[in-house]
Amino acid sequence: MSRIADAAVAAVGTRFRLHGRGADGLDCVGLVALALRAGGYLGEVPSGYSLRGGDWGLLDRMLVRVAEAEAGDVLLMAAGPGQIHLGIRTAGGFVHADAGLRRVVERPGMPPWPLIGVWRMGGVTWRPWY
């Protein structure tokens with residue numbers, strides 16, 4: 001499994017906290033940032049966003065869009081009307097910060113929500129996440 005997926009799995013059990021970025025709590029953006037940093041990402045991470053909406057085009061500016069998800073890839077899902085959600089693909093499922101369960105969890109298989117896109121770290125130049 002990739003360093004990105006390994007970092008996501010290591011975060012399982014961390015409590016959910018909106019805008020969380022560390023051991024005291026993570027949201028889906030914080031989880032993805034933590035995992036990508038383990039893979040070498042050095043750019044900035046978005047903050048100050050709401051639970052609904054958001055600029056998911058930022059993923060195109062920092063990662064490479066791919067057709068098929070592999071362990072370590074970033075998943076963007078439509079979790080509800082106007083609500084997007086991020087997770088990290090693992091060998092057997094995906095890791096995400098589950099607001100309902102109030103913690104980071106790993107679920108088997110693919111997400112139950114519609115998949116908007118899949119992105120992967122690639123190349124050698126990383127741009128800020130804005």
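Start with Leu36. Setting aside residues up to four places away in sequence, Leu36 touches Ile4, Tyr41, Met62, Leu63, Val74 and Met121. One caution before going on: this is a predicted model.

Leu36 belongs to the largest nonpolar core, which has 26 residues. Which members touch the most others there? Leu36, Leu59, Leu63, Val74 and Leu86. In soluble globular proteins, nonpolar side chains tend to be buried together. Now the elements behind this core. Those giving two or more residues are α1, α2, α3, β4, β5 and β6, with α3 spanning 58-62. Helix α2 gives the most, at six residues.

Eight of its 11 residues are buried, so the helix is largely enclosed by the rest of the structure. Here are the buried ones: Cys28, Val29, Gly30, Leu31, Val32, Ala33, Ala35 and Leu36. Look at how α2 begins. A side-chain oxygen of Asp27 comes to within 3.2 Å of the backbone nitrogen of Val29. Beyond the helix comes Gly40, with a positive phi near 110 degrees.

Next, the overall layout. The protein has three helices and eight strands. Reading from the N terminus, the order is α-β-β-α-α-β-β-β-β-β-β. Of its 130 residues, 42% count as buried. Take the contacts with a separation of 6 or more: residues 24 or more positions apart account for 59% of them.

Now the sheet. Six strands make an open sheet, ordered β3-β8-β4-β5-β6-β7, with antiparallel pairing. Which strands sit at the edges? They are β3, residues 64-66, and β7, residues 103-108; each pairs on one side only. From one strand to the next, the twist averages 35 degrees.

Zoom in on β4 and β5. Strand β4 covers residues 74-80 and β5 covers 83-89. They run antiparallel, joined by six bridges. Across that pairing, Leu76 stands opposite Leu86 in β5.

Two helices pack on this sheet. Helix α1, residues 3-10, touches β5, β6 and β7. Its direction makes about 110 degrees with that of β5. Helix α2, residues 28-38, touches β4, β5, β6 and β7. For α2, the angle to the direction of β5 is about 30 degrees.

On to the loops. Phe16 is in the loop between α1 and β1. Is Phe16 buried or exposed? Its relative accessible area is 9%, so Phe16 counts as buried, the cut-off being under 20%. Its contacts, leaving out residues up to four places away in sequence, are Leu26, Asp27, Ala97, Asp98, Ala99, Arg102 and Arg103. Note that Asp27 is also the residue reaching the backbone nitrogen of Val29 at the start of α2. Phe16 and Val105 are 89 residues apart along the chain, yet their C-alpha atoms are separated by 9.8 Å.

Aromatics next. How many aromatic pairs are there? The count comes to one. In Phe94 and Trp113, the ring centres are 6.2 Å apart and the planes are at 80 degrees, so the pair is edge-to-face. The pair links distant parts of the chain, 19 residues apart. Phe94 is in strand β6, and Trp113 is in the loop between β7 and β8. Phe94 is buried, at 0% relative accessible area. Trp113 is partly exposed, at 22%.

Last stop, a charged side chain. Asp73 lies in the loop between β3 and β4. At 1% relative accessibility, Asp73 counts as buried. What does its side chain reach? The backbone nitrogen of Glu70, at 2.7 Å. The Asp73 side chain also makes a polar contact with the side chain of Arg120, at 2.7 Å. Beyond four places in sequence, Asp73 touches Val66, Glu68, Gly87, Ile88, Arg89, Val118, Trp119 and Arg120.

Notes
Residues numbered from 1 in each chain as written. Predicted model: local features only at pLDDT ≥ 70, side-chain atom pairs only at ≥ 80, totals over all residues. Heavy atoms only, no water. Pairing = 2+ DSSP bridges. Helix = DSSP H or I, 4+ residues; strand = E, 2+ residues; numbered from the N terminus. Axes fitted to C-alpha atoms, helices over the stretch in contact; angles between N-to-C directions. Contact = heavy atoms within 4.5 Å. Core = buried A, V, L, I, M, F, W, Y, C linked by side-chain atoms within 4.5 Å. Buried < 20%, exposed > 50% of the residue type's maximum accessible area, 1.4 Å probe, protein only. Polar contact = N/O pair within 3.5 Å; in protein donor to acceptor, adjacent residues only side chain to side chain. Phe/Tyr/Trp six-rings, centres within 6.5 Å; stacked < 30°, edge-to-face > 60°.
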